[in-house]
Amino acid sequence: MKATDIRTKSDDELKQQLLDLRKESFNLRFQAASGQLENTARKNIIRKDIARIKTILGERTSAAAAS
């Protein structure tokens, strides 16, 4: 997911997507531990998407606090 796509979404949508990504990350960790994970790169993609969402949410709260 690109940062431009994330910026077009509302805060509520981003928080819901963040929750979904964290659940998926949790499930992938268990799959990796049990040896069932086939696409290991998916873990890194999800981790980076979570970071992008958290960064943009942080930028929005900083901008709101500044104004």
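How many residues apart are phenylalanine 26 and phenylalanine 30 in helix 2? Phenylalanine 26 and phenylalanine 30 are four residues apart, so about one helical turn separates them. An α-helix has 3.6 residues a turn, so residues three or four places apart point the same way.

This is a predicted model, in which local features need pLDDT of at least 70 and side-chain atom pairs count only at pLDDT 80 or more, while totals for chains, interfaces and linings use all residues. Residues are numbered from 1 along each chain as its sequence is written, and side-chain values use heavy atoms, with hydrogens and water left out.

**The aromatic pair**

The structure holds one aromatic pair. The ring centres of phenylalanine 26 and phenylalanine 30 lie 4.8 Å apart with the planes at 70°, so the pair is edge-to-face. Rings of Phe, Tyr and Trp (its six-membered ring) pair if their centres lie within 6.5 Å; planes under 30 degrees apart count as stacked, over 60 as edge-to-face and the rest as tilted. Phenylalanine 26 is partly exposed, with a relative accessible area of 41%. Here buried means under 20% relative accessible area, exposed over 50%, and partly exposed in between (1.4 Å probe, protein chains only).

Helices are DSSP runs (H or I, at least four residues), numbered from the N terminus. The expected span of a helix is 1.5 Å times one less than its number of residues. Helix 2 covers residues 11-34, and helix 3 covers residues 41-66.

| Helix | Residues in helix | First to last C-alpha | Expected span |
|---|---|---|---|
| Helix 2 | 24 residues | 35 Å | 34 Å |
| Helix 3 | 26 residues | 38 Å | 38 Å |

Glycine 35 follows helix 2 and has a positive phi, near 80°.

The two helices pack at an angle of about 155°, with their axes 10 Å apart. Axes are lines fitted to C-alpha atoms, for helices over the stretch in contact, and angles run from 0 to 180 degrees between N-to-C directions. Helix 2 and helix 3 are therefore roughly antiparallel to each other, a label given to angles over 145 degrees, whereas angles under 35 count as roughly parallel, 65 to 115 as roughly perpendicular and the rest as oblique.

**Buried and partly exposed positions**

In helix 2, the buried residues are Leu14, Gln17, Leu18, Leu21 and Leu28. Their cover includes helix 1 (3-7) and helix 3. In helix 3, Ile46, Asp49, Ile50, Ile53, Ile56 and Leu57 are buried, and these residues pack against helix 1 and helix 2.

Aspartate 49, in helix 3, is buried at a relative accessible area of 6%. Not counting residues up to four places away in sequence, aspartate 49 touches Met1 and Leu21.

Lysine 48 is also placed in helix 3, but counts as partly exposed at 45% relative accessibility. The C-alpha atoms of lysine 48 and methionine 1 are separated by 9.1 Å, although these residues are 47 apart along the chain.

Alanine 63 belongs to helix 3 and is partly exposed, with 48% relative accessibility. Between alanine 63 and leucine 18, the separation is 45 residues in sequence and 20 Å in space, C-alpha to C-alpha.

Note on methods
Contact = heavy atoms within 4.5 Å.
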